[in-house]
Amino acid sequence: LWLTEPAEPEFSRIRLRDSAGNPVEVGDTQFMRDDDRQVFINLPDLADGLYTVSWRVISAADGHPSSGSFAFVVGDALTAFSSQSTPVEQIPMEAMLIRWLNLISLSLGIGGVGFWLFVWNPAVSERDAERDGRITWIIILGWLLIGFSGALMLLLQYASATDNPLLVGLSGPALQQLIGGTRFGELWLIRTALWVGLGLALFFARGDRWFWWIALLLGLALLLAQSLFSHASAAQEIIPAVGADWLHLTATVFWVGGLLHLVNAIPVMRQTAPLQTLSMMVGHFTNFARVAVAALVLTGFYAAWLQVGSLEGLTETLYGRTLLFKLILFAPVVILAAINLVITSQQLKAGMMAWV
């Protein structure tokens, strides 16, 4: 079999069945020594008849499983059969929820670090333990959720690699093989180490504010580890594809995380800070979000061109239809952002408290 992406040898297989559906003893599934996109099995002498090949591989680029089947004939067997099956694209509910939790946790944690450095710190000059604590505790919550979602991502990848339901059929040796013998495992270990470093940086940032910048660098590296295991890493031009994916993910995390922290900060700012300080915070966030949205638009167009490739792909593929739905949600949010940019910030500067 010739594959379009490199595959993980330990979690890829080819099976053979005869016309009655009985398994046929074949050699082990193997990969070419110099090509991880060619997988094969050695066949024994086969009697005349119809045979069906079923295959399932795990991409080493993004961890996604691919499977299918096709038939062939030995001798003069009946040839009226379907030559191959058409796989049905679907998004498992548990996978969607785990990946959503992962993105939310990255937004709260790493996006919160960006909010602190580029919005909160320059806007709020007078330090206040209650106000600072309201921001930092949400960031710490995000950090904890990053670790928790990382563990869930490991279990999700294990379920995908072994073709088992989530939390079913857990095996110590197979889990160890996934962590120590696959590209996902290597990147997961790097992500875990960066997560620990991020936690230490947040801890020391309480006494030395320079550690906030170290936390930002570790967070950006953690986001890069995620982009290295995505659709982009399967592209032919991997460096620009992964770079654009990393920038897109970073902009998303900063924008969504910044919005969450802004909503969290407004109530305490109304009670303890003058309107001028609140106006400055909204102004800093407007500039912060404007850069993030611009990066989202540019990298989003590039990703759409790379992954969809045509107007037909927007409606005929699951990826394209999901992208269309995302754009429908994106439009009203940008309109609201424009209102805040043009109207809200100006009214706050004019002293109109109602716009809070």
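Predicted model: local features only at pLDDT ≥ 70, side-chain atom pairs only at ≥ 80, totals over all residues.

Colleague: Which pattern does the protein chain follow along the sequence?

Modeller: Helices (H or I, at least four residues) and strands (E, at least two) are DSSP runs, numbered from the N terminus. The protein chain has 9 helices and 5 strands. Read along the sequence, the pattern is β-β-β-β-β-α-α-α-α-α-α-α-α-α.

Colleague: What percentage of the residues of the protein chain count as buried?

Modeller: The C-alpha atoms fill a box of roughly 90 × 45 × 35 Å along the principal axes. Buried means under 20% relative accessible area, exposed over 50%, and partly exposed in between (1.4 Å probe, protein chains only). Of the 356 residues of the protein chain, the buried share is 38%.

Colleague: Are H4 and H5 roughly parallel or roughly antiparallel to each other?

Modeller: Axes are lines fitted to C-alpha atoms, for helices over the stretch in contact, and angles run from 0 to 180 degrees between N-to-C directions. The axes of H4 (residues 183-204) and H5 (residues 211-227) come within 9 Å and cross at roughly 165°. Angles under 35 degrees count as roughly parallel, over 145 as roughly antiparallel, 65 to 115 as roughly perpendicular and the rest as oblique. H4 and H5 are therefore roughly antiparallel.

Colleague: How many nonpolar, polar and charged residues has the contact of H4 with H5?

Modeller: Contact means heavy atoms within 4.5 Å, and the residues making it include Leu-187, Arg-191 and Leu-202 of H4 and Trp-212, Ala-215 and Gln-226 of H5. Ala, Val, Leu, Ile, Met, Phe, Trp, Tyr, Cys and Pro count as nonpolar, Asp, Glu, Lys and Arg as charged, and the others, Gly among them, as polar. By class, the contact of H4 with H5 has 15 nonpolar, 2 polar and 1 charged residues.

Colleague: How do the residues of the contact of H7 with H9 divide by class?

Modeller: Among the residues that make this contact are Val-282, Arg-290 and Val-297 of H7, together with Phe-330, Leu-341 and Lys-349 of H9. They belong to a set that divides into 11 nonpolar, 4 polar and 2 charged.

Colleague: How far apart in space are Val-113 and Leu-202, C-alpha to C-alpha?

Modeller: Val-113 is found in H1 (residues 93-123) and counts as buried, at 1% relative accessibility. Not counting residues up to four places away in sequence, Val-113 touches Ile-139, Leu-202, Trp-212, Ala-215 and Leu-216. Val-113 and Leu-202 are 89 residues apart in sequence, and their C-alpha separation is 9.0 Å.

Colleague: With which side chain does the side chain of Asp-132 make a polar contact?

Modeller: Asp-132 lies in H2 (residues 129-162) and is buried, with a relative accessible area of 10%. A polar contact is a pair of N or O atoms within 3.5 Å; within protein, one must be able to donate a hydrogen and the other to accept it, and residues adjacent in sequence count only if both atoms are side-chain atoms. Leaving aside neighbours within four places in sequence, Asp-132 is in contact with Trp-116, Trp-120, Arg-127 and Arg-209. The side-chain polar contact, at 2.9 Å, is with Trp-120.

Colleague: At what distance does the side chain of Asn-102 make a polar contact with the side chain of Arg-191?

Modeller: Asn-102 is placed in H1 and counts as buried at 1% relative accessibility. Its side chain is joined to that of Ser-149 by a polar contact of 3.3 Å. For Asn-102 and Arg-191, the side-chain polar contact is 2.9 Å.

Colleague: Does Pro-173 count as buried or exposed?

Modeller: Pro-173 has its place in H3 (residues 172-181). At 60% relative accessibility, Pro-173 counts as exposed.

Technical notes
Residues numbered from 1 in each chain as written. Heavy atoms only, no water.
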